[in-house]
Every structure is written in structure tokens, then in C-alpha cells.
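Colleague: I have a model open and want to learn how to read it. Can you walk me through a few features?

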Amino acid sequence: MSEEKTYVEDVNRTIYDVIDDDKDSFKLEQGLTEDIILQLSEEKKDPEWMRDFRLKCLKMYNEMTFPQWGPGIEGLDMNRIYTYVRPNARMANSWDDVPEDIKNTFERLGIPQAERTSLAGVGAQYDSELVYHNMQKEVEEQGVIYTDFESALKGDYADLVREKFMTLLTPNDHKYNALHGAVWSGGSFVYVPKGVKVSVPLQSYFRFNAKGAGQFEHTLIIVEEGADLHFIEGCSAPKYNVANLHTGAVELFVGKNARLRYSTIESWSKNMYNLNSKRSIVEEGGRMEWVSGSFGSHISYLYPSTILKGDNSTMEYTGIAFGSTGQDLDTGMKVIHIGKNTSSVVNTKSISKNGGCNTTRTSVQVMPQAKGAKSVVSCESLMLDSESRSDTIPVMDIRTDDADVGHEATIGSISDEAVFYMMSRGMSEEDARALIVSGFADNVSRELPMEYAAEMNNLIRLEMKGTIG
Amino acid sequence: MTAEKIKINSLVPPTWNRLKVNDITVELPTGSAAGMTDQGLKTSEAKPADWQIDTGCGTELSTFLEKNGTKPVLVANDGDNLVSIKKTYTENAADIICFEAKEGQTVNILTDVTSDENTEGTAVLQVLLKAEKGAKINLAQVVRPGKGMKVVNDIGSQAAEGAQINIVQVFMDGSDISAGCRTALKGEEAATENHVGLVRTNGQTLDMNYVAKHLAKTTKADINVTGALSKNAQKTFRGTIDFVKGCTGSDGKESENMLLLDDTIVNKTVPLILCTEETVAGSHGATIGKPAEDILFYMTSRGITRERAVEILERASLEAAANKIENAEAKEYVLGIIAGKYADE
């Protein structure tokens, strides 16, 4: 008897694959040389310290080795990457002032609509520069700063930005942090003053358009004592037949008793090398929440990390990765417990289909002084066929007796018993399987605002057909 | 005497270098003589080509042993009787000993390695196991060297259709112990179980790499580690369940229970699950932490000192593994060693 395997439709990329004509944009030449870095610095009108910092990072990049673990990145040739592409648009704070084609792209992605209905502010980056930035007046009146990174570097908060910039993600961490330090452009700066609670999320959306280009935005968020913020990051790109590169950096400072939720829905095209770094440091009683959905890219290295520095600080990570044909997604998280009575809760899920590869890589470190630390890690992987691959690589490094660390990982396929149970109650097999897979991803969508959960559900639109013979 | 540094217990695939779990470097003396074949065993020379079995410590160790001139020795067995190898090392040693269970046969093996307190050196023991169709191999190992003896204890095994390989190991005493174990489940319904009990204290280390490779349909693997760490002890456990395409219906489990008895210890756990097959079930669970205060309170309220209570918990960690030994004679022997260790203290 023949058996037709469960079919899960690829991500519907129609809205992401639209390419705008970029004939009017300005590009630095391909490659990574000192001359290019100096031109970029000139173009960005960097302060002197930043120009020197870029050059130092370039030197470090050239001296560092490529990672000896993780998916192969042989297909990424920096000599063929445009590190800076400036769209033919100035940053606006009204969508009416954004060039029509760019505005239409963001309209298709639903960004202006989301801004109207459910966001307190939006930053929209197109290739290497922001083209739109705006924040609700009420939020601004609370003293919240949300601006493009270049303005922050030169404005009232310049000293603070300089003090914090690339101190959490240092250029000597690894080769791609050094690359970021050398060529960063765009991104956002957010400052939430002491005690201010921003009730509606802010969002930055990073859109790639240029063929063979890199995007290197820098996000720096400081949430002061007792403050509260939900920040959403979205990203997408059309597909090209050459490598594109995304090496963003996200640095998050969570103050005493503050809370920061950082949500990401990533839908890069399948020619994208997504070598991205994110790190947060949490002070006493603070809380960091990560919600991460990885759906696109050809190769991903993405492990949001958290340093629980303060006593009683906490972290929760909820993530899902969906790997299909031509994708090798190496995702996960890292947490370091330093303060007393800190806790971390980690839930990761991965779905592999049609030859896609998922690696869930995690590390939990509990330092000797982290008395009373608690950590629970759960990794679940779903294999939808035998052409795919799913690996789980967790590390726990515990250096105190006064810790309580639990880890569980499971891997498996759709349970025939569960399908049978639902079918015995009147569901079709297709519906039963669809429900099981949707349910598998449910813990992430539940953590997102409704509009973004809908986007995520669109991304993993799981259509089932077939029968078991 | 010369020595060579090699990397063993390599994690495949590797992970972040900064965690220092991708492998371990050991320095092994060259020219070490065989130390295990003077036990009155019935042995014959094993053809190296017949015993090219991947082991937990990895190919660098096998290459080193070959260069060292260490010949694999096939140990004869007569069925259900226990093959017992007890060795007190007095110098550097390197051995490869092989055991074969023919179709339907059950082979029980016990190895116990120790050394005098004054002996300094390094011993390498590689055990290779082949279980033919429907056969069963039960291997029990005690590794309890003296303070000056470093030990590399390596296992490679293969299980054919319906065969079963059960390995119980108890690690205690000594200084630095490295342990590898790799089982290839080559035949349908082949199965393996590992039960490890360990106690490391006073700066002792244990570095482990355990791999169960599911190569055929409906194979089963179950890797279990229980142990206790105190007083600057360090332990790294790498455990890999590897589901290879075609191993439909297979089931692999890993579990670890570690008691951490003070904050001078380093406990690293790296439980991998690798999968290229859809219809499998793999799982890992770990519980790592200090003893429950209510248990300690219960014991101390009945007149047991806290130190003695900790010893009881350490002993329980070792006995949890030893109680899994199937052969009664081997089990009694290993439990006796554990009892002796804690009776003296």
C-alpha cells in the first residue's frame, strides 16, 4: 500500500520576494578594505572615535579565524559583498515622504498598518539606512527616546551611546562581531527612562533590497530601573541567486527591576547568510524575555545570549526555527548565571522538512557565585521527513552545588496515535496532522501580539494533504 | 620515556570553543607494554582488520595504540561463565582486548583496574566488543586507580541483529580518568544500555564521551549517568544519540543525575541528539544540583553526620549503576568494592 507523506507547504514568500529597482541607490564598491571602511566612515559622517573603532575592527576581522563549528559558510565571499547601500531616500517621519516604491514594499509587509493599529513607534530600514522613523507623541512625552542609530551617535545621548556601544558584543568575541564593528550602518537606539512603562510595542523592520549586499544594523536598547518595554524586530528580503549577508548586532541593557521583551520574526530569503549576534545584560530583579521565530535564510547562526548579572534577575527564551529545502539553521541561546537566585526558562522548537537542517545549540553556565540559580531547558524537534536533519547540541556548565538545573530534549515525528485519536473523533487526517503541527508552534505565537502571531502563522502556513495507506 | 599528546573524546559535531568541551588532550607515554594479558586468560592474537571498530575515545587513540605496537588480543570465553580480569598496574600499560559473543551466546565480562598508591603512570585500556545475531554481552568495569595513575578507558562495540550490549561502569578514586564508549547498533532490534556511576573528589577529573549510533531499524539505546562531585572535582559528560537515516522505529534515551556537593566543582554535560530519520524517538533528561535539604535533614535528624550523609549519597550514586549488572557474580564483586570503599571512610 502506498503512503503519501505529510506535506507541509513552504513559506509563502510572495510578499517578501518583490524587488524594487535600485538604480538610484548609492553603493560602495564590493569587498572589505581599509579604503572602503574610510569611505563608509566618511559617508556616515562618523565622529573620529568611531572611524578609529571601525579600522580597529577591520584589523581584528582580518586576524580572526572562521568558526570551526556550525554550518559551512564557504559560499560567502566578502569580496563580493556590498557593505553599504544607501537608498535614494532621506529618513522621513511621515510615510507620505517615503519614495513610492519603498513605501509600497513596506505597505505589502503591513508595517504602516501595524503602526496605526498596534505600535507605539516604528523604524524602517531599507538596505543600509533608515527611511522612516516615528514614535507616538504620548510615548515621546514619557521621555522615551527611539531614534535611528546615527542620530543617537551625534545627539543628546552621544556620550551614553559611546559608553555602551559594542561593550556587550565586543569585536573580539568572534569574527563576525569584528565585521559588524567595521561596517555597521543603520539600526535603532532606544532609551526608556526610570520607571516608564511603554504599554504598546516599538518595532524596527529591516528590509533588504540590493542584490549581493550586506546589512549591518546596530540596535542598542537601554531600559532603566523599573521600566518596561516590548521591542519587535522584523526582517525580510527578496531572493537573489547570489549571497546576501546580514550581520546585525543587538545590545540590550536591562536595569534593576526592569523588563524587556525582544521579539523577532525573521524571514530572510534563502540566499541570505544570517550571522547575527544579540546579547543582553540584566541587573538586579530585572527580566529579559526573548521570543524568536527563525523562518528564512540559507545559513543562520543565531543565539541570543543573556547575562543574568544581578541577584534575582530572570530570563525566558521561547524560540522556533523552521528549516526547509536549502536551509541550514543553527539557532539557539546562551545564558550565564552570575547573580544569586537567578533563573532561566528556555523552550526551543524546531521543524525540519524537505531536506532542511536545524541545529538547536544552547549553553547554560552557572558561575560559582550564582547561589540559588535555577535553569530549565526544553528542546523539542519535529522531523517531517527523512530527507531532513535535526540536531540538538546543548551544553550545561555548572560550577556551584547550590543550583538546580534541568534539561530535556526530545525528537520525533508526528504521532500516529495522536492522529488516530483525532480521526476517531471525526477529524480528517489532513486536519489532524495540520492541527498537531500548528499546535507544536503554538507556544511561540501565543507570546506575540496578535498581528505578529498572524504573520508568523502566515510564515508557517501548514497545509496538509495526503493519506496514510 | 617519551610521550605523545593526542586529542580524544572529540564532540561530533563540535560546539562553541569557549566552553572547552569539544575534546580533551591527553599525554600518553609511548612504548607502553601490554598489562592485561598476564591474567591467566585464554587468549589468541586478534586480526587487527577484524577489529577495526570505532571507539568512544576516537581514531587518534586507536592510531596511537597502533603506532605503539599494541596488538589486539582476543579473549576466549565459554559462554555464561564470567570472564574476570583484575589488574593492579605497577607501570605504564596499553592494552586492546577483544571479546566476541557468537550467535545466541551470552558473554559476561568483568574488568577491575587499580594501582598502588605509589605507582605513577598512565594506563590505556581499550575494550572491543562484537555481539553476533541474538547474542548478548554484559560488561562490568571498575576503574579505581591510585592517586598517581592516569587511566584512559575506551570501548568500541558492535551489535548485530537482535544483539544486546550492556555496559556498567563504576569510576572512583585515582586522579584523571578519560572514558570513551561507542556502540554501533548495526542490526535490526539491536540494543545497548550504559549505566555509569561516578564519584570524583579532591581534584579528580573524569572526561567522558559516549555515543550510541543507530544504524538499523528498531534499535534501542539507553545511556544513564549518576554521580557526585566535590572538592575541586571536574567532570565532563558528552553523550550522543545518533539516528542515522534508515533507522526507523528506533528509540534513544540519555539521562543524567548529578549531585553537586560544594561550589568548587565543575560539572559539564553535553547531551547531543543527532537525527536524519523521521520516525524515531530520542530524548534526554538531566537533573543537576545539590542534595535535597529534606533528605539531608532526615538523615542528620537520625544521628547521621552531614559528612556521613554525603558519603551515603555518593555510595548510592555508584550502587545505582552497579545494581544494573546482570551477572550475579560480577554484581556482588562490584558492590563489594563499593562497600569496601565506604566502610574504610
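**Domains, a histidine and the cores**

Modeller: Start with the layout: 33 Å separates the C-alpha centres of domain 1 and domain 2 of chain A. This is a predicted model, where local features need pLDDT of at least 70, side-chain atom pairs count only at pLDDT 80 or more, and totals for chains, interfaces and linings use all residues. Residues are numbered from 1 along each chain as its sequence is written, chains are lettered from A and ligands numbered from 1 in the order written, and side-chain values use heavy atoms, without hydrogens and water.

Colleague: Where do the domains of chain A run?

Modeller: Bounds come from an automatic or database domain assignment. Domain 1 covers 26–302 and domain 2 covers 415–469.

Colleague: Is His407(A) buried or exposed?

Modeller: Buried means under 20% relative accessible area, exposed over 50%, partly exposed in between (1.4 Å probe, protein chains only). His407(A) counts as buried because its relative accessibility is 3%. It lies in strand 25 (residues 403–412) of chain A; strands are DSSP runs of E, at least two residues, numbered from the N terminus.

Colleague: Which side chain makes a polar contact with the side chain of His407(A)?

Modeller: Look for N or O atoms within 3.5 Å; within protein, one must be able to donate a hydrogen and the other to accept it, and residues adjacent in sequence count only if both atoms are side-chain atoms. Here the partner is His284(B), at 2.9 Å.

Colleague: And the nonpolar core?

Modeller: That is a set of buried Ala, Val, Leu, Ile, Met, Phe, Trp, Tyr and Cys residues joined through side-chain atoms within 4.5 Å. The largest has 101 residues, and Leu229(A) and Leu129(B) have the most contacts inside it.

How values were computed
Helices (H or I, at least four residues) and strands (E, at least two) are DSSP runs, numbered from the N terminus.
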